[in-house]
Amino acid sequence: MSSNFGENIKLSIFGESHGEAIGCVIDGLPHGVELDMDKIYLDMSRRAPGKDKTATPRLEKDIPHIISGVLNGVTTGAPLAMIIENTNTKSGDYGNLMTVPRPSHSDYPAYVKYEGKNDVRGGGHFSGRLTAPLVFAGAVAKQILEKKGITVGAHILKIGSVCDEGFDMLNVNKEMLESVSKKSFSVVSPRAEEQMRAEIEKARLNQDSVGGIVECAVTGLPVGVGANIFSTVESKLASILFAVPAVKGVEFGKGFEFGEMLGSQANDQYCIKDEKVAMLSNNNGGILGGMTTGAPVVVSVAFKPTPSISQKQKSVNLQTMKEEELVINGRHDPCIVPRAVPVVEGAVAFALLDMMI
(Lines give C-alpha, C1' and ligand atoms only; values in the text may rest on other atoms or scores of the structure.)
Protein backbone atom coordinates (compact mmCIF):
# COMPACT_ATOMS: atom_id res chain seq x y z
CA MET A 1 0.00 0.00 0.00
CA SER A 2 1.23 3.50 -0.82
CA SER A 3 0.33 5.99 1.88
CA ASN A 4 2.83 8.76 1.18
CA PHE A 5 2.39 12.25 -0.28
CA GLY A 6 4.66 15.19 -1.00
CA GLU A 7 7.96 16.10 -2.61
CA ASN A 8 9.44 18.81 -0.37
CA ILE A 9 7.45 17.95 2.74
CA LYS A 10 6.67 14.26 2.92
CA LEU A 11 3.60 12.89 4.70
CA SER A 12 3.24 9.22 5.59
CA ILE A 13 -0.03 7.98 7.13
CA PHE A 14 -0.25 4.64 8.97
CA GLY A 15 -2.70 2.50 10.93
CA GLU A 16 -6.09 0.83 10.53
CA SER A 17 -9.55 1.84 11.70
CA HIS A 18 -9.67 -0.90 14.36
CA GLY A 19 -5.94 -1.24 15.03
CA GLU A 20 -4.28 0.01 18.19
CA ALA A 21 -3.60 3.45 16.74
CA ILE A 22 -3.45 5.59 13.63
CA GLY A 23 -0.96 8.35 12.93
CA CYS A 24 1.45 10.08 10.61
CA VAL A 25 5.02 11.15 10.09
CA ILE A 26 5.80 14.53 8.50
CA ASP A 27 9.34 14.89 7.19
CA GLY A 28 10.81 18.15 5.91
CA LEU A 29 9.00 20.67 8.10
CA PRO A 30 10.99 23.82 8.78
CA HIS A 31 12.46 24.15 12.26
CA GLY A 32 11.43 26.89 14.68
CA VAL A 33 7.69 26.86 13.92
CA GLU A 34 5.70 27.47 17.10
CA LEU A 35 2.58 25.31 16.98
CA ASP A 36 -0.72 26.48 18.45
CA MET A 37 -2.10 23.19 19.74
CA ASP A 38 -5.52 24.71 20.44
CA LYS A 39 -5.95 25.37 16.72
CA ILE A 40 -4.90 21.81 15.95
CA TYR A 41 -7.34 20.43 18.54
CA LEU A 42 -10.13 22.54 17.03
CA ASP A 43 -9.62 21.05 13.56
CA MET A 44 -9.36 17.55 15.02
CA SER A 45 -12.63 18.03 16.93
CA ARG A 46 -14.42 19.23 13.79
CA ARG A 47 -13.56 15.94 12.10
CA ALA A 48 -14.01 13.69 15.13
CA PRO A 49 -17.01 11.30 15.19
CA GLY A 50 -19.73 10.79 17.76
CA LYS A 51 -20.89 14.38 18.32
CA ASP A 52 -24.42 14.38 16.85
CA LYS A 53 -26.87 12.44 14.67
CA THR A 54 -25.24 13.58 11.43
CA ALA A 55 -22.22 11.39 12.24
CA THR A 56 -21.40 7.85 13.31
CA PRO A 57 -22.05 7.26 17.04
CA ARG A 58 -18.53 5.84 17.37
CA LEU A 59 -17.06 8.24 19.94
CA GLU A 60 -13.35 8.94 19.54
CA LYS A 61 -11.70 11.98 21.11
CA ASP A 62 -8.98 11.98 18.43
CA ILE A 63 -6.38 13.64 20.65
CA PRO A 64 -3.06 13.67 18.76
CA HIS A 65 -0.01 12.58 20.74
CA ILE A 66 3.19 14.04 19.28
CA ILE A 67 6.12 11.72 19.94
CA SER A 68 8.93 13.44 18.00
CA GLY A 69 9.82 16.56 16.07
CA VAL A 70 8.43 19.11 18.55
CA LEU A 71 10.13 20.45 21.68
CA ASN A 72 8.44 22.96 23.98
CA GLY A 73 5.78 23.50 21.34
CA VAL A 74 8.26 24.36 18.58
CA THR A 75 9.27 22.21 15.59
CA THR A 76 12.86 20.97 15.79
CA GLY A 77 13.43 20.14 12.12
CA ALA A 78 13.37 16.40 12.85
CA PRO A 79 10.50 14.29 11.44
CA LEU A 80 7.29 15.09 13.29
CA ALA A 81 5.60 11.85 14.36
CA MET A 82 2.09 11.68 15.83
CA ILE A 83 -0.26 8.89 16.95
CA ILE A 84 -3.95 8.76 17.86
CA GLU A 85 -5.15 5.79 19.88
CA ASN A 86 -8.25 3.90 18.76
CA THR A 87 -10.33 3.55 21.92
CA ASN A 88 -13.88 2.68 20.79
CA THR A 89 -13.86 -0.22 18.34
CA LYS A 90 -16.44 -2.98 17.86
CA SER A 91 -14.65 -5.31 15.48
CA GLY A 92 -17.24 -8.07 15.85
CA ASP A 93 -19.65 -5.99 13.78
CA TYR A 94 -17.54 -6.71 10.72
CA GLY A 95 -17.34 -10.51 10.90
CA ASN A 96 -19.66 -11.10 7.93
CA LEU A 97 -17.64 -8.78 5.71
CA MET A 98 -14.65 -11.13 5.64
CA THR A 99 -16.33 -13.04 2.83
CA VAL A 100 -19.27 -10.85 1.73
CA PRO A 101 -18.05 -7.46 0.40
CA ARG A 102 -19.99 -4.24 0.87
CA PRO A 103 -21.27 -2.62 -2.35
CA SER A 104 -19.41 0.56 -3.36
CA HIS A 105 -16.67 -0.10 -0.79
CA SER A 106 -13.04 -1.16 -1.08
CA ASP A 107 -13.77 -4.65 0.31
CA TYR A 108 -13.87 -6.61 -2.97
CA PRO A 109 -10.91 -5.12 -4.90
CA ALA A 110 -8.81 -5.16 -1.71
CA TYR A 111 -9.75 -8.81 -1.08
CA VAL A 112 -8.50 -9.72 -4.57
CA LYS A 113 -5.39 -7.53 -4.51
CA TYR A 114 -4.23 -8.63 -1.05
CA GLU A 115 -5.48 -12.21 -1.33
CA GLY A 116 -7.88 -11.84 1.59
CA LYS A 117 -5.19 -10.63 4.01
CA ASN A 118 -6.50 -7.05 4.19
CA ASP A 119 -8.09 -5.80 7.40
CA VAL A 120 -11.81 -5.16 6.73
CA ARG A 121 -12.69 -4.08 10.29
CA GLY A 122 -14.05 -0.58 9.88
CA GLY A 123 -12.47 -0.53 6.43
CA GLY A 124 -8.96 -1.10 7.77
CA HIS A 125 -6.38 1.13 6.06
CA PHE A 126 -9.03 2.17 3.52
CA SER A 127 -11.20 3.72 6.25
CA GLY A 128 -12.20 7.35 6.46
CA ARG A 129 -10.72 7.19 9.95
CA LEU A 130 -7.32 7.64 8.29
CA THR A 131 -8.34 11.21 7.48
CA ALA A 132 -7.67 12.15 11.13
CA PRO A 133 -3.86 12.16 10.61
CA LEU A 134 -4.40 14.13 7.38
CA VAL A 135 -6.35 16.77 9.32
CA PHE A 136 -3.48 16.95 11.82
CA ALA A 137 -0.89 17.39 9.07
CA GLY A 138 -3.10 19.99 7.41
CA ALA A 139 -3.58 21.88 10.68
CA VAL A 140 0.21 22.14 11.01
CA ALA A 141 0.48 23.29 7.39
CA LYS A 142 -2.26 25.89 7.88
CA GLN A 143 -0.29 27.49 10.70
CA ILE A 144 2.83 27.78 8.56
CA LEU A 145 0.79 29.22 5.69
CA GLU A 146 -0.85 31.72 8.06
CA LYS A 147 2.60 33.18 8.78
CA LYS A 148 2.86 33.84 5.03
CA GLY A 149 -0.51 35.61 4.99
CA ILE A 150 -2.32 32.64 3.42
CA THR A 151 -5.70 31.47 4.75
CA VAL A 152 -7.48 28.20 3.92
CA GLY A 153 -11.17 27.68 4.71
CA ALA A 154 -14.08 25.54 3.55
CA HIS A 155 -17.80 25.02 4.02
CA ILE A 156 -20.54 22.59 3.08
CA LEU A 157 -21.79 23.79 -0.28
CA LYS A 158 -24.40 21.09 -0.77
CA ILE A 159 -25.96 18.05 0.91
CA GLY A 160 -28.43 16.13 -1.21
CA SER A 161 -30.62 18.77 -2.84
CA VAL A 162 -29.95 21.46 -0.21
CA CYS A 163 -27.43 24.20 -1.07
CA ASP A 164 -25.59 26.75 1.04
CA GLU A 165 -24.53 30.16 -0.27
CA GLY A 166 -21.41 29.69 -2.37
CA PHE A 167 -18.23 31.69 -1.82
CA ASP A 168 -17.82 34.87 -3.86
CA MET A 169 -14.97 33.47 -5.98
CA LEU A 170 -13.41 36.88 -6.58
CA ASN A 171 -13.97 38.56 -3.22
CA VAL A 172 -13.96 35.80 -0.60
CA ASN A 173 -11.74 37.03 2.21
CA LYS A 174 -9.76 35.86 5.22
CA GLU A 175 -12.49 36.82 7.68
CA MET A 176 -15.10 34.72 5.88
CA LEU A 177 -12.80 31.69 5.74
CA GLU A 178 -11.86 31.97 9.40
CA SER A 179 -15.53 32.28 10.34
CA VAL A 180 -16.69 29.09 8.60
CA SER A 181 -13.62 27.17 9.77
CA LYS A 182 -14.51 27.69 13.42
CA LYS A 183 -17.90 26.00 13.06
CA SER A 184 -18.58 22.33 13.81
CA PHE A 185 -21.20 22.40 11.03
CA SER A 186 -19.51 24.68 8.53
CA VAL A 187 -22.04 26.64 6.48
CA VAL A 188 -22.44 30.28 5.52
CA SER A 189 -26.24 30.38 6.00
CA PRO A 190 -27.88 29.21 9.27
CA ARG A 191 -30.98 28.34 7.25
CA ALA A 192 -28.92 25.98 5.10
CA GLU A 193 -27.70 24.16 8.22
CA GLU A 194 -31.25 23.54 9.37
CA GLN A 195 -32.32 22.17 5.99
CA MET A 196 -29.15 20.08 5.59
CA ARG A 197 -29.60 18.50 8.99
CA ALA A 198 -33.16 17.60 8.02
CA GLU A 199 -31.88 16.01 4.79
CA ILE A 200 -29.34 13.93 6.72
CA GLU A 201 -31.91 12.89 9.33
CA LYS A 202 -34.31 11.78 6.60
CA ALA A 203 -31.61 9.52 5.14
CA ARG A 204 -30.70 8.17 8.58
CA LEU A 205 -34.28 7.25 9.44
CA ASN A 206 -34.57 5.46 6.10
CA GLN A 207 -31.42 3.46 6.94
CA ASP A 208 -29.75 5.25 4.05
CA SER A 209 -27.05 7.87 3.46
CA VAL A 210 -26.62 11.06 1.45
CA GLY A 211 -23.69 12.73 -0.33
CA GLY A 212 -22.69 16.33 -0.89
CA ILE A 213 -20.10 18.92 -1.91
CA VAL A 214 -17.47 20.83 0.07
CA GLU A 215 -16.24 24.17 -1.30
CA CYS A 216 -12.77 25.32 -0.26
CA ALA A 217 -11.05 28.66 -0.88
CA VAL A 218 -7.53 29.97 -0.29
CA THR A 219 -6.68 33.67 0.00
CA GLY A 220 -3.32 35.45 0.16
CA LEU A 221 -1.50 33.25 -2.34
CA PRO A 222 1.11 35.07 -4.43
CA VAL A 223 1.08 34.95 -8.22
CA GLY A 224 3.02 32.06 -9.78
CA VAL A 225 2.78 29.17 -7.31
CA GLY A 226 2.79 25.93 -9.30
CA ALA A 227 3.94 25.20 -12.85
CA ASN A 228 2.74 23.65 -16.08
CA ILE A 229 2.35 20.07 -17.42
CA PHE A 230 2.71 17.65 -14.44
CA SER A 231 3.32 20.25 -11.72
CA THR A 232 0.09 22.25 -11.91
CA VAL A 233 -1.69 23.47 -8.80
CA GLU A 234 -4.75 21.59 -10.03
CA SER A 235 -2.92 18.27 -10.39
CA LYS A 236 -1.26 18.54 -6.97
CA LEU A 237 -4.48 19.46 -5.17
CA ALA A 238 -6.54 16.88 -7.05
CA SER A 239 -3.99 14.18 -6.19
CA ILE A 240 -4.28 14.68 -2.44
CA LEU A 241 -8.04 15.34 -2.52
CA PHE A 242 -8.73 12.11 -4.41
CA ALA A 243 -6.79 10.32 -1.65
CA VAL A 244 -9.66 11.17 0.71
CA PRO A 245 -12.11 8.22 0.87
CA ALA A 246 -15.48 8.83 -0.87
CA VAL A 247 -14.22 11.73 -3.01
CA LYS A 248 -15.51 11.23 -6.56
CA GLY A 249 -15.24 14.70 -8.07
CA VAL A 250 -12.91 17.71 -7.93
CA GLU A 251 -13.43 20.94 -9.88
CA PHE A 252 -11.73 24.34 -9.89
CA GLY A 253 -13.63 27.59 -10.26
CA LYS A 254 -16.61 27.07 -12.56
CA GLY A 255 -15.34 23.57 -13.36
CA PHE A 256 -17.82 21.58 -15.41
CA GLU A 257 -19.91 24.71 -16.01
CA PHE A 258 -17.25 25.74 -18.54
CA GLY A 259 -18.67 23.09 -20.85
CA GLU A 260 -21.80 25.23 -21.29
CA MET A 261 -20.11 28.66 -21.55
CA LEU A 262 -18.74 30.88 -24.30
CA GLY A 263 -15.23 32.25 -24.12
CA SER A 264 -16.64 35.74 -23.69
CA GLN A 265 -18.49 34.50 -20.60
CA ALA A 266 -15.72 32.36 -19.18
CA ASN A 267 -12.66 34.57 -19.57
CA ASP A 268 -11.36 36.39 -16.50
CA GLN A 269 -10.58 39.86 -17.85
CA TYR A 270 -7.90 42.08 -16.31
CA CYS A 271 -7.97 45.53 -14.77
CA ILE A 272 -5.81 47.78 -12.59
CA LYS A 273 -6.84 48.01 -8.93
CA ASP A 274 -4.80 49.88 -6.34
CA GLU A 275 -2.01 50.19 -8.92
CA LYS A 276 -1.82 46.41 -9.29
CA VAL A 277 -3.00 43.92 -11.91
CA ALA A 278 -6.34 42.45 -10.85
CA MET A 279 -9.22 40.47 -12.36
CA LEU A 280 -12.82 41.35 -13.03
CA SER A 281 -13.95 37.77 -12.36
CA ASN A 282 -12.48 34.51 -11.09
CA ASN A 283 -14.17 31.80 -13.12
CA ASN A 284 -10.92 29.83 -13.32
CA GLY A 285 -10.69 29.52 -9.56
CA GLY A 286 -7.43 31.42 -9.17
CA ILE A 287 -5.36 29.15 -11.42
CA LEU A 288 -4.18 29.67 -15.02
CA GLY A 289 -1.58 27.55 -16.81
CA GLY A 290 -1.28 25.50 -13.65
CA MET A 291 -0.14 28.57 -11.67
CA THR A 292 -1.84 30.79 -9.12
CA THR A 293 -3.09 34.15 -10.43
CA GLY A 294 -3.28 36.06 -7.16
CA ALA A 295 -7.06 35.67 -7.03
CA PRO A 296 -8.50 33.25 -4.44
CA VAL A 297 -8.02 29.58 -5.30
CA VAL A 298 -11.45 27.94 -5.22
CA VAL A 299 -11.96 24.17 -5.41
CA SER A 300 -15.11 22.10 -4.93
CA VAL A 301 -15.00 18.46 -3.83
CA ALA A 302 -17.87 15.98 -4.34
CA PHE A 303 -18.40 13.16 -1.81
CA LYS A 304 -20.49 10.09 -2.57
CA PRO A 305 -23.00 8.83 0.01
CA THR A 306 -21.53 6.59 2.71
CA PRO A 307 -21.51 3.05 1.21
CA SER A 308 -22.23 1.36 4.54
CA ILE A 309 -26.00 1.61 4.97
CA SER A 310 -28.37 -0.53 7.02
CA GLN A 311 -30.70 -1.52 4.20
CA LYS A 312 -30.39 -5.02 2.77
CA GLN A 313 -28.18 -5.04 -0.33
CA LYS A 314 -27.20 -7.59 -2.94
CA SER A 315 -23.69 -8.97 -2.77
CA VAL A 316 -21.81 -12.26 -3.21
CA ASN A 317 -20.08 -14.74 -0.93
CA LEU A 318 -16.45 -14.86 -2.06
CA GLN A 319 -15.94 -18.31 -0.54
CA THR A 320 -19.01 -20.08 -1.96
CA MET A 321 -19.23 -17.83 -5.07
CA LYS A 322 -22.99 -17.56 -4.60
CA GLU A 323 -25.13 -14.44 -4.49
CA GLU A 324 -26.09 -13.37 -0.99
CA GLU A 325 -28.05 -10.61 0.72
CA LEU A 326 -25.92 -8.43 2.95
CA VAL A 327 -26.93 -6.58 6.12
CA ILE A 328 -24.17 -4.24 7.29
CA ASN A 329 -23.72 -3.91 11.02
CA GLY A 330 -21.53 -1.40 12.81
CA ARG A 331 -21.71 2.36 13.24
CA HIS A 332 -21.60 4.55 10.16
CA ASP A 333 -22.21 8.15 9.11
CA PRO A 334 -25.52 8.90 7.36
CA CYS A 335 -23.52 11.72 5.76
CA ILE A 336 -19.76 12.20 5.92
CA VAL A 337 -19.78 15.69 4.40
CA PRO A 338 -19.92 17.78 7.64
CA ARG A 339 -16.89 15.94 9.02
CA ALA A 340 -15.11 16.14 5.65
CA VAL A 341 -14.81 19.95 5.70
CA PRO A 342 -11.63 20.08 7.85
CA VAL A 343 -10.25 17.15 5.83
CA VAL A 344 -10.55 19.15 2.61
CA GLU A 345 -8.99 22.18 4.30
CA GLY A 346 -6.11 20.08 5.60
CA ALA A 347 -5.46 18.37 2.28
CA VAL A 348 -5.42 21.66 0.36
CA ALA A 349 -3.18 23.34 2.95
CA PHE A 350 -0.65 20.50 3.01
CA ALA A 351 -0.40 20.29 -0.79
CA LEU A 352 0.05 24.05 -1.14
CA LEU A 353 2.75 24.14 1.55
CA ASP A 354 4.55 21.29 -0.21
CA MET A 355 4.58 23.36 -3.42
CA MET A 356 5.74 26.54 -1.65
CA ILE A 357 8.33 25.33 0.85
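**Exercise 1.** Find the residue whose side chain makes a polar contact with the side chain of Asp-333, and give the distance.

*Solution.* Start at Asp-333: its side chain and that of Arg-339 are joined by a polar contact of 2.8 Å. Then check its cover: Arg-339 has a relative accessible area of 13%, so it is buried (under 20%; exposed is over 50%, partly exposed in between, with a 1.4 Å probe and protein chains only).

A word on the model: it is predicted, with local features needing pLDDT of at least 70 and side-chain atom pairs pLDDT 80 or more, while totals for chains, interfaces and linings use all residues. Numbering runs from 1 along each chain as its sequence is written, and side-chain values use heavy atoms, leaving out hydrogens and water.

**Exercise 2.** Work out which residues of helix 1 are buried, and where they lie around the axis.

*Solution.* Go through residues 37-47: Ile-40, Asp-43, Met-44, Arg-46 and Arg-47 are the buried ones. (Helices are DSSP runs of H or I, at least four residues; strands are E, at least two; both are numbered from the N terminus.) These residues share one side of helix 1, because their arc around the axis is only 160° (taken from the directions from the helix axis to the C-beta atoms). Now for the cover: it includes strand 7 (80-85) and helix 8 (337-356), with contact meaning heavy atoms within 4.5 Å.

How values were computed: Polar contact = N/O pair within 3.5 Å; in protein donor to acceptor, adjacent residues only side chain to side chain.
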